[in-house]
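Visitor: I have a model open and would like to read it feature by feature. Can you take me through strands, then charged pairs?

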Amino acid sequence: MRRPLAITLTISAALSLVAGSIEAILVRHDLPAEAFVADPADLAAVGWLDERLESVLVAPRWALTAAHGVEAVGPFDRPHLTFPVGCYRVVGVVLHPQWEGGWPRPWEIHDLALLYLDRPVAGVGPIPLYRRTDELGRTATLAGRGKLGTGLTGPEGDKGEAFRRATNRIDSLSDTTLFLIFDDPESATELEGAGAPGDSGGPLFLDHDGRRLLAGISSAGTGMKGVSQGRYGTVDLYVRVSAFSSWIDGVIGAEAPTTGWSWADPTFAPGQPEAWSAPRPLADGWPSSPAADLARDFFAAYAERTLAALEGFYSRHGEPGTDAAAKARRLQQGLREPYGPLEPIATAARSEGEIGVLAHSPQDASWISLGFAVDPRPPHRLQRLYMKRERDPREPPRCGAGAPWRRSDGG
């Protein structure tokens, strides 16, 4: 039987939250799969990021998605967003400042990010935000391209190419979260469905005055006690867009962040410390900041090719009590031995206290990015040094198979 709409937030104590992505459209088992296939033209504002994350166009150059799918995107990744009408480079990523990096409390989540595109999406109207607070009990529409399954089987097979849509009622809500229970046919909506693997970041729509409005962004799936995720009784969590409309408006209306591989001078968007600057070539010289000064000293020490030079770097810049010798040995094993010499090629900043450096290894022709985060207070000690393998920046960005695309970075 369907749980009453007056469901209270005590339900959250019984949820077994899966800290992972929603990646499928799950539907009632007593209807044919064809009943849930949607016309792509009706969902032209729904895009997917690098074939792994859904998003929704909310302004000509901005798409809204889930933060957990893009929090690791760096300035040298060059991600792309594909819509039914074509493919667009993502040149800016802004995470909600209260994103927790996980789901510690399902009734209080801030799993939102805005993606800034290289140009306006042609021929597609953005989806207006749902700004009312009357979501409880209303029937909503969810959509995505994930795996198909039913409430009896859970997700099955590979992620599909076809858009599917389903309906569900909003059973409960908190200040930040909409909760939807996947009901069996006895008490389900006409096209009852839920999300599961491939649709994180996807939309939840509500209709008002004849218009389709964006009410939620898919964040996570849960299982009630004794219920496997993806089966009847599972609970979907959507970020409640009405609660974040002011933040969304503020980001869209402010100076655009720049994070693409543009070989431009870095610019830092005021008030958006989570946004990376545009990469700049080191042929123009190192930028001036505490993080850049530390990064430059690191590469000077690294170029000496000795363990003693790396130990000296950590002695100069590490936090008090740092075991400089142990740090140097780990760096020698994890970076020097597999990659050999590194040539710094470009930089990008997130703030005065964090910089990314793209480097090339002549030894095996690989590309590595190194991130340096420093204490903003003098003497600007090193707080974190992290590394990531990167694609060759000379390669064209990858876009969805068969999607029309044109380069917009001058290449």
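Guide: Some ground rules come before the features. This is a predicted model, with pLDDT of at least 70 needed for local features and 80 or more for side-chain atom pairs, while totals for chains, interfaces and linings use all residues. Residues are numbered from 1 along each chain as its sequence is written, and side-chain values use heavy atoms, leaving out hydrogens and water.

Visitor: Which strands does β9 join by bridges, and how do they run?

Guide: Strands are DSSP runs (E, at least two residues), and helices are too (H or I, at least four), numbered from the N terminus. Two strands pair if DSSP finds at least two bridges between them. β9 (residues 139–144) is joined to β12 (residues 164–169) by six bridges, antiparallel. Two bridges join β9 to β16 (residues 203–208), also antiparallel. Take T141: its bridge partner in β12 is T167, and in β16 it is F205.

Visitor: What closed arrangement do six strands form?

Guide: A barrel, in the order β3-β4-β5-β8-β7-β6, with antiparallel pairing. The twist from one strand to the next averages 40°. Axes here are lines fitted to C-alpha atoms, for helices over the stretch in contact, and angles run from 0 to 180 degrees between N-to-C directions. A59 has W62 as its bridge partner in β5.

Visitor: Which strands does helix α1 lie across?

Guide: Contact means heavy atoms within 4.5 Å. Helix α1 (residues 245–253) lies across β4, β5, β7 (86–95) and β8 (113–117), at about 25° to β8.

Visitor: How many salt bridges are there?

Guide: Side chains of opposite charge can pair when their charged atoms come close. The rule asks for a side-chain nitrogen of Lys or Arg within 4 Å of a carboxyl oxygen of Asp or Glu. The count is nine. One of them joins R119 and D118, at 2.9 Å from N to O.

Visitor: Are R119 and D118 buried or exposed?

Guide: Buried means under 20% relative accessible area, exposed over 50%, partly exposed in between (1.4 Å probe, protein chains only). R119 and D118 are both buried.

Visitor: Which parts does the salt bridge of E135 and R240 tie together?

Guide: The closest N and O atoms of E135 and R240 are 2.7 Å apart. E135 lies in the loop between β8 and β9 and R240 in β18 (residues 235–240), so the pair ties together parts 105 residues apart in sequence. E135 is buried at 0%, and R240 is buried at 8%.
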